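This report goes through a protein model step by step, from one residue to the whole assembly. Please look at the sequence and the structure first.

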2 protein chains.
Amino acid sequence: MKVNENYKNIAQSYLFSTVGKKVSEYMAANPDKKVIKLGIGDVTLPLCKCVTDALKSASEEMGHKETFHGYGPEQGYDFLKTKIADYYKSHDVELDNDEIFVSDGAKSDIGNILDLFDKDNTVLVPDPVYPVYVDTNTMAGRKIIYIDANESNDFLPLPDENLKADIIYICSPNNPTGAVYNKEQLKKWVDFANKNHSIILFDAAYECFISDDNLPRSIYSIDGAKTCAIEFCSFSKMAGFTGTRCGWTVVPKALVFGEMSLNKMWLRRQTTKFNGVSYIVQKGAEAVFTPEGQKQIMQNLDYYKQNAKMISDVLTKHGIYHTGGTHSPYIWLKCPNNMKSWDFFDYLLNNVQIVGTPGVGFGRNGEGFFRLTSFGSKENTKEAVERLDKFLK
Amino acid sequence: MKVNENYKNIAQSYLFSTVGKKVSEYMAANPDKKVIKLGIGDVTLPLCKCVTDALKSASEEMGHKETFHGYGPEQGYDFLKTKIADYYKSHDVELDNDEIFVSDGAKSDIGNILDLFDKDNTVLVPDPVYPVYVDTNTMAGRKIIYIDANESNDFLPLPDENLKADIIYICSPNNPTGAVYNKEQLKKWVDFANKNHSIILFDAAYECFISDDNLPRSIYSIDGAKTCAIEFCSFSKMAGFTGTRCGWTVVPKALVFGEMSLNKMWLRRQTTKFNGVSYIVQKGAEAVFTPEGQKQIMQNLDYYKQNAKMISDVLTKHGIYHTGGTHSPYIWLKCPNNMKSWDFFDYLLNNVQIVGTPGVGFGRNGEGFFRLTSFGSKENTKEAVERLDKFLK
């Protein structure tokens, strides 16, 4: 048997393990110091009551013959898909239920969608980037090219005529930079993709952090996107489902390459290689869309948004260039005094006991940048901001 | 963008839709007749109380900051992996926790495991076969060859010297035939795989139906299996998790091809393209392994086993050749009077109002055979058996 040799080419990242090691060492050497972690990429607030009530009620249903659920539809129950379609409708996007596929999270589908594409496609990713886009394509042996996201384009690169790419990754609001495309910018990508018969894989996992109605929460807010884009979204950040696992993928029926409908291909892929998301979890996700559920998740999102604003405000006060902080849980800042990412990491840990993530860990263009997140507690974030305020003077 | 053209080669199966259509038509034309469905491939008994209690308790945990769980380990929580390892130990198989990967069900992992293998491998599947083995490899463009499972080998084909295969699928107890390999037979496959550097993908989804301690519930009961086999198992049939979604995959650390550890490759695959199973569901699965949980699931399994025995007994009484019925929820019978599968289907539906699945739907060698299942209610199964008893006279 021949193994898939492409696995030899996947770069090993030591980003978070190195961060962890440095923090542990510092804490062991300085037991009296309070270290505040603003590098957290996971939610910290619990599921809202609406959701846990629904999860418990569905669990109870599963214990009785009359209300038990066996195999469900691989693409998700209609009760949930209808709610997701309504959610899109509230943002002026019309989708049919059979264009929505419930998943166990965006990460799974972002990886598995590649099953639908030939190996011989050129993949375009921004640099810096969420490593999964690169690793999943490296595993399949695809050629990857990079487009520069940097200070000169406010970390929102746009296509140009010389670009040749078949599969284009866009994450907006972006991880790690927090930068958000506006409609005009996203329209340029959609036009580029339609003109060149490229496909856009649009990662909308952070759309729930957008507060400005003029910014696109979905790529389907852009005319023409249904013929060139697949969108991935998730309950992870929206409703704290990182450990509960539910998301969805939109594959429009208008998405046809040659004679092949990607919608039909994905349906076939999912019915063959997936068996649907737990009924219980889908009932929990459904509760997110009740009026009470929306109210409860908004409280949590506001909590994170306020943390983000506190961090962004102190950076603005001290004239530090950054993206994100609004419309995003991430704050991506330029290290002061042209410090390198890891030097700033050490400096910050040693002087004000704040932990973040060195930007260079996300790509070459991340060098000299640093990522902070809003997922810590309000109290710790406030204290960290006070420390930064003094330190940056 | 070039799509994966292999999708054009996937055969469309109309097996279950044709069955459904014929049954609906018959029922519409004969509203006074009671049709009994023994074609059901899904469990019908609810989750046991131990499990629903654990699901509810974990749901409650998720609603409080102190006990909330965010992202878990992609490969599953140790609390569950330890229980799975103990389960293997009770069948004299020793596994380390990091050889066990918790999944959202066997079907996902049976499909996704193919990521680890080069396209240029020859795949061996038995005929008749569970269609997923064929379809997932067709999607990847691999060459598929078939080995005959038929009456002459009691639907348990064995390797011979002329066979050249890199990836070998074995499902035991088998779907659709219910046939179970004994240790000597399985040893022949293990020896063959080790000698030829092939890999065995062992589908153990029905191991919980084995009642004879001398029959292997795991391929790792066979000496040498850890250097040639990956095993897939599931809570679906064991504990009624078809709609709850949890399973596991074993990738032994001794499984090394060239310099590549398949265990490390799968870990990398899962950490990149998967985000773990819901914490809540993993807590439900853990409860299956409590003494009370084991007692409760055994009651359900016994219920299905008794149904299977009733069906098997009436066939034996009338001298009808069949496999399965013991150690399996499936009964695979030779159609009386050399009838073809679909003719027998029509005959059975029209004369005794029993619905099963035509064997030819699972492959060429299924022609002239028929699958019944034990997942119906005891009352209906009993009534169906009485009808069969009269009919077969």
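Leaving aside its neighbours within four places in sequence, with which residues is B:Arg364 in contact?

## An arginine in a loop

B:Arg364 is in contact with B:Asp127 and B:Asp148, where contact means heavy atoms within 4.5 Å. The arginine belongs to the loop between strand E14 (357-358) and strand E15 (369-373) of chain B. Helices (H or I, at least four residues) and strands (E, at least two) are DSSP runs, numbered from the N terminus. With a relative accessibility of 61%, B:Arg364 counts as exposed. Buried means under 20% relative accessible area, exposed over 50%, and partly exposed in between, with a 1.4 Å probe and protein chains only. B:Arg364 also lies 9.9 Å from B:Ala149, C-alpha to C-alpha, although 215 residues separate the two in sequence.

## How the model is described

This is a predicted model, in which local features need pLDDT of at least 70 and side-chain atom pairs count only at pLDDT 80 or more, while totals for chains, interfaces and linings use all residues. Residues are numbered from 1 along each chain as its sequence is written, chains are lettered from A and ligands numbered from 1 in the order in which they are written, and side-chain values use heavy atoms, with hydrogens and water left out.

## Aromatic pairs

Rings of Phe, Tyr and Trp (its six-membered ring) pair if their centres lie within 6.5 Å; planes under 30 degrees apart count as stacked, over 60 as edge-to-face and the rest as tilted. Over all chains there are 53 aromatic pairs. One of them joins A:Phe155 and A:Trp332 edge-to-face, with 5.8 Å between centres and 80 degrees between planes. A:Phe155 is in the loop between strand E4 (143-148) and strand E5 (167-171) of chain A and A:Trp332 is in strand E12 (residues 330-334), so the pair ties together parts 177 residues apart in sequence. A:Phe155 is buried at 3% relative accessible area, and A:Trp332 is buried at 0%.

In chain B, B:Tyr206 and B:Tyr330 also pair edge-to-face, at 5.2 Å and 65 degrees. These tyrosines are 124 residues apart, and both are buried.

## The nonpolar core

In soluble globular proteins, nonpolar side chains tend to be buried together. A nonpolar core is a set of buried Ala, Val, Leu, Ile, Met, Phe, Trp, Tyr and Cys residues joined through side-chain atoms within 4.5 Å. The largest one here has 151 residues, and A:Ile200, A:Phe235, B:Ile200 and B:Phe235 have the most contacts inside it. Helix H9 (residues 279-288) of chain B gives the most to this core, with six residues.

Beyond its neighbours within four places in sequence, A:Phe235 touches several residues, including A:Leu80, A:Ile84 and A:Trp248. Ring pairs also place A:Phe235 in a cluster with A:Tyr87, A:Tyr88, A:Phe241, A:Trp248 and A:Phe289.

## Between the chains

How many residues of chain B are in contact with chain A? There are 75, and they meet 75 residues of chain A. The buried area between the chains is about 6,300 Å², of which carbon and sulfur atoms give 56%; buried area is the accessible area (1.4 Å probe) that two parts lose on being put together, summed over both.

Six salt bridges cross this interface, each a side-chain nitrogen of Lys or Arg within 4 Å of a carboxyl oxygen of Asp or Glu. B:Glu74 forms a salt bridge with A:Lys107, with the closest N and O atoms 3.0 Å apart.
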